[in-house]
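Q: I would like to learn how to read a protein model, one feature at a time. Could we look at it together?

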Amino acid sequence: MTTLASGHTAKALEGDELARLLENFPSYKNGLIRLSPDDWVFSNGFCNFADKLYNFEFREGDVLVMTWPKCGTTWTQEIVWTMRNNPDLDNPDADVAIMDRVPFMEADMFSSSEDASEDQMPVSEMFKKLCPNGNPRDGVSFQMAQATPDPRSLKTHLPFSLFAPSLLEKVKVVYVARNPKDTVLSYLHHHKLFKAQSFVGSLETFVDYFLEDDLIYGPYWLHLKEAWQRRDHPNLHFVFYEDLKADIKGELKKLDDFLGTELSEDQLANVAKHTSFGEMKSRNNLFINKDMFKNEVIVDQEVLKKDGGFFRQGKSGDWKAKLTPELIEKMDKWIKEKCDFGINFK
Ligand code: A3P
């Protein structure tokens, strides 16, 4: 058992609990940890970085995009970076992979597990440039997050409680929430697409893991609750994926006010177009290595062909076609019980 700076203790999943997960997630054989209290679940590499992340030295002017997985993080990080760095669409750095421009703060927990190959987290030219003396074993993403120059934009899937309580005093946080029914479908696709997190069970089983807080990153409802409770803080901008889809112009205006970017109508139109699903899908530059999608060790080629890649659908309301009436009922019950803190999903 390890005690973390956040006050949580981390314990390796074992016995029946681990066996229950391994049945459907064979790739989790190198271990997971669960934090207490709160039940956050992570790859076992998390403990190597937890305290460094908690004590991360944020700078005035930083913007942190925070979401639970599959809530539109990549979209939002590209929106934020483009608004701050490329509103005229003339910044050559826009060709750099999104992950290199907006580092994923805790990503190293995945590559530090024994089964991660170098292909999954290759050292990029940007790492070499930003951290010339950096040792990848100390965390590629973490060191890039430290070394990214101002104006710095960062991304995390961690909840507020795993950062120091002073976070919002220094940093502007853009928090994105998404309807849990679409989130779970998108996360299922992610677990089928990427072999490092492969899932071999049914939709029904995956929904059960989600509702029981057993997926990596753990309780979505608590992640939302922590952000929702802070939503009136002037340094927190709480946005729904569904609102971004329904009215991107209106949402970009609100973001412009929040970030203080003072963009013109033309610049906002540039951002909307550049970050549209179609344009981001065709650029496909989230990761350093675009060709990794052709690598059958990393990506399940059948799933890719049948259901799409990282940029799968980019829609709201897919759940209406994909979830059975029984699953909808189950999820509605969970929403009523767990998400009882005032949030209304769209
Ligand atoms: P779907 O699987 O429903 O298509 P994250 O970046 O947090 O992992 O979220 C991924 C989800 O956001 C995926 O949802 C992905 O397709 C969607 N997405 C990515 N870029 C988008 C964009 N520009 N517009 C709308 N949705 C986008």
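Q: Is histidine 190 buried or exposed?

A: This is a predicted model, in which local features need pLDDT of at least 70 and side-chain atom pairs count only at pLDDT 80 or more, while totals for chains, interfaces and linings use all residues. Residues are numbered from 1 along each chain as its sequence is written, and side-chain values use heavy atoms, with hydrogens and water left out. A residue is called buried under 20% relative accessible area, exposed over 50%, and partly exposed in between, with a 1.4 Å probe and protein chains only. Histidine 190 has a relative accessibility of 16%, so it counts as buried.

Q: Where is histidine 190 placed, and which residues is it in contact with beyond its neighbours within four places in sequence?

A: Helices are DSSP runs of H or I with at least four residues, strands are runs of E with at least two, and both are numbered from the N terminus. Histidine 190 belongs to helix 9. Contact means heavy atoms within 4.5 Å, and, leaving aside neighbours within four places in sequence, histidine 190 is in contact with Lys70, Gln197 and Phe310.

Q: Which polar contacts join the side chain of histidine 190 to that of lysine 70 and to that of glutamine 197?

A: A polar contact is a pair of N or O atoms within 3.5 Å; within protein, one must be able to donate a hydrogen and the other to accept it, and residues adjacent in sequence count only if both atoms are side-chain atoms. The side chains of histidine 190 and lysine 70 are joined by such a contact of 3.0 Å, and those of histidine 190 and glutamine 197 by one of 3.4 Å.

Q: What can be said of serine 198, its place and its contacts?

A: Serine 198 sits in the loop between helix 9 (180–193) and helix 10 (203–211), and it counts as buried because its relative accessibility is 17%. Leaving aside neighbours within four places in sequence, serine 198 is in contact with Asn24, Phe25, Pro26, Ser27 and His191.

Q: Which residues of helix 10 are buried, and what covers them?

A: An α-helix has 3.6 residues a turn, so residues three or four places apart point the same way. In helix 10 the buried residues are Leu203, Phe206, Val207, Tyr209, Phe210 and Leu211. Their cover includes helix 1 (15–22), helix 9, helix 11 (220–228), helix 17 (319–322) and helix 18 (325–338).

Q: How many residues surround the ligand, and which are closest?

A: A residue is near a molecule if one of its heavy atoms lies within 4 Å of it. There are 18 residues around the ligand, and the closest are Thr73, Thr74, Ser186, Arg312 and Gln313. An N or O atom in the side chain of threonine 73 is 2.3 Å from an oxygen atom of the ligand, and for the side chain of arginine 178 the distance is 2.9 Å. In glycine 314 a backbone N or O atom lies 2.8 Å from an oxygen atom of the ligand. Taken alone the ligand exposes 580 Å², of which the protein buries 98%; these areas come from the Shrake-Rupley method with a 1.4 Å probe, and for residues only the protein chains shown count as cover.

Q: Which element gives the largest share of the shell around the ligand?

A: Helix 3 gives the largest share, 3 residues.

Q: How many disulfides does a search of the whole structure find?

A: A disulfide is a covalent bond between the sulfur atoms of two cysteines, taken here as a pair of cysteine sulfur atoms within 2.5 Å. The search of the whole structure finds 0. For cysteine 71 the closest cysteine sulfur, in cysteine 339, is 11 Å away, which is too far for a bond.

Q: Where do cis peptide bonds occur, and what phi does aspartate 39 have?

A: Most residues other than glycine have a negative phi, and most peptide bonds are trans. A cis bond joins serine 36 and proline 37, with omega about -5°, and the bond from aspartate 150 to proline 151 is also cis, with omega near -5°. Aspartate 39, although not a glycine, has a positive phi of about 70°; it is placed in the loop between strand 3 and strand 4.
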